[in-house]
Amino acid sequence: MAATPQNPAAATPRRKVSRHRGEGQWAAGHFTPLNGNEQFKKDDDGLNVRTRIETIYSKRGFDSIDPNDLRGRMRWWGLYTQRKPGIDGGKTAILEPEELDDEYFMLRVRIDGGALTTQQLRVIGEISQEFARGTADITDRQNVQYHWIRIEDVPEIWNRLEAVGLSTVTACGDTPRVMIGSPVAGIAEDEIIDATPALEEMKRRVLNNPAYSNLPRKFKTAISGSPLLDVVHEINDVAFVGVRHPEHGPGFDVWVGGGLSTNPKLGVRLGAWLPIDEVPDVYEGVISIFRDYGYRRLRNRARLKFLVADWGAEKFRQVLEDEYLGGRKLIDGPAPEQPAQQWRDHIGVHRQKDGRFYVGFAPRVGRVDGATLTKIADLAEAHGSGRVRTTVEQKMIVLDVEEGQVDSLVDGLEALDLTARPSSFRRGTMACTGIEFCKLAIVETKQRGSQLIDELERRLPDFDEPITINLNGCPNACARIQVADIGLKGQLVLNDQGEQVEGYQVHLGGALGLEAGFGRKVRGLKVTSEELPDYVERVLKRFQAEREDGERFATWAARASEEALS
């Protein structure tokens, strides 16, 4: 048969025609759920699960919880099931979720901007002691995480938190997570601009708001007016960074599309300068772009960073201005200046703009307990302070201390093993939750990190260079391994006897703030947990021997030979 305009198929092979589903973008009209997560979110808003927790699950117990609530919607209120004890890391990727689930929960308290009153801190500590077996880890996003939480106790915990102005709403889930901010906002002498009013308005607009409770994945926010760039802005979905415009004065530079996990990407600048009163509008615009244009087909491509990588900054800014800001054009602005120092954690004693002082101190890898938190609250109040802060480095700060009270406060913290004069290793080591509680983890991290600090302090007592050592229990990079001087990704490795043991893949020379970039991986370099102190000692001694004057570890690691890094 000859091909004709009426019969074009006669000239070409017949092929199966399938309907193109795209990436599941709502803005393209693709509202049909393309995976189980999208389906349960469509079936019922995650915010609604609170009522079932209060009226059904807390009264009938763990076995009454609907699976889509248990492993899905309960995250909208900060609840994850924790790992069942005794399951080794080799089974993490093999067992089904119900085999990994314990009948206890991790509960995350969101602390936006790291801001707490001593009253709030005391309540957090008391809840820890009464309901969480003393657990209360400080995270690298300024939150506090409890473990061993029973579903029966959750309503009472919420009542106590909310009585002092705290919440667990959207602390997890496909939602606007905690908004991290400078822990010294409004008090630091060198601050460019106090971001607190913008942060409060951003919270007011999006928290507990059904318009933003079904995002493609989690959405991470950072805002700071500090010249120290103290909120890891490069690895957030959206970040607002304090800058001075040559014509308009203090305001914010806008970044979008950062994130780590298994596909790390640094955020990009939109090139726009904002006065503080425009920040909430732009924030709402960016989160709305993510909701409407974000990829919902595959979970591993559902973060904003993938959309930004495909669009580029110019198109993203154009869509933001045209579709979400009513055609308003943003003002072009300068990039933030590089910080003058590598440490950005506010550890030590620092003068505030009002003449008083703040004191930053270092718990071990974010691990504290409820009793310690209540003692910190008591200690702060005894020295005239009613305010404390958490930081993005798993540290804490007491604000508003009179000069005559500083030494006594520092001594009191030291008595709690919370030093304001930490070694470089105590100051620079972070660790994620690890296999102790996390269902995704492969190796232990918290205890290993604490032991590593002790060993390095003993072996290298005079080492005083800024160094970051980040331990992560799996590839998901909750402890920011790719941007650490020494990043340690947990995995199972073979020891000298050919046995499978806990260990780490090593990333070297990552950085944020100062020439931000990801660390390099030395081919075949894996270290067992037992070998870890030997390895870190060896590489730091080589750094000391080979570095040029004033050279940072990250710069040395980028140029060092593989032999020097092995």
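**Salt bridges, notebook entries**

I began with E551, which counts as buried at 8% relative accessibility. The model I am reading is a predicted one, and I kept that in mind throughout these entries.

I then looked up the partner of E551 and found that its side chain meets that of R559 in a salt bridge, with 2.8 Å from N to O. R559 itself is partly exposed, its relative accessible area being 41%.

Next I asked which residue pairs with R448, and the side chain I found there was that of E530, in a salt bridge of 3.8 Å, N to O. The pair links distant parts of the chain, since R448 sits in helix α14 (residues 446–459) while E530 lies in the loop between β20 (520–528) and α15 (532–546), the two being 82 residues apart. I noted that R448 counts as buried at 18% relative accessibility, because the cut-off for buried is under 20%, whereas E530 is exposed with a relative accessible area of 64%.

Finally I looked for salt bridges that join into a network, and I recorded one that links E201, R204, R205, E278, D281, E284 and R328. How many salt bridges does the count come to? I wrote down 57 salt bridges.

How values were computed. Residues are numbered from 1 along each chain as its sequence is written. This is a predicted model: local features need pLDDT of at least 70, side-chain atom pairs count only at pLDDT 80 or more; totals for chains, interfaces and linings use all residues. Side-chain values use heavy atoms; hydrogens and water are left out. A salt bridge is a side-chain nitrogen of Lys or Arg within 4 Å of a carboxyl oxygen of Asp or Glu. Helices (H or I, at least four residues) and strands (E, at least two) are DSSP runs, numbered from the N terminus. Buried means under 20% relative accessible area, exposed over 50%, partly exposed in between (1.4 Å probe, protein chains only).
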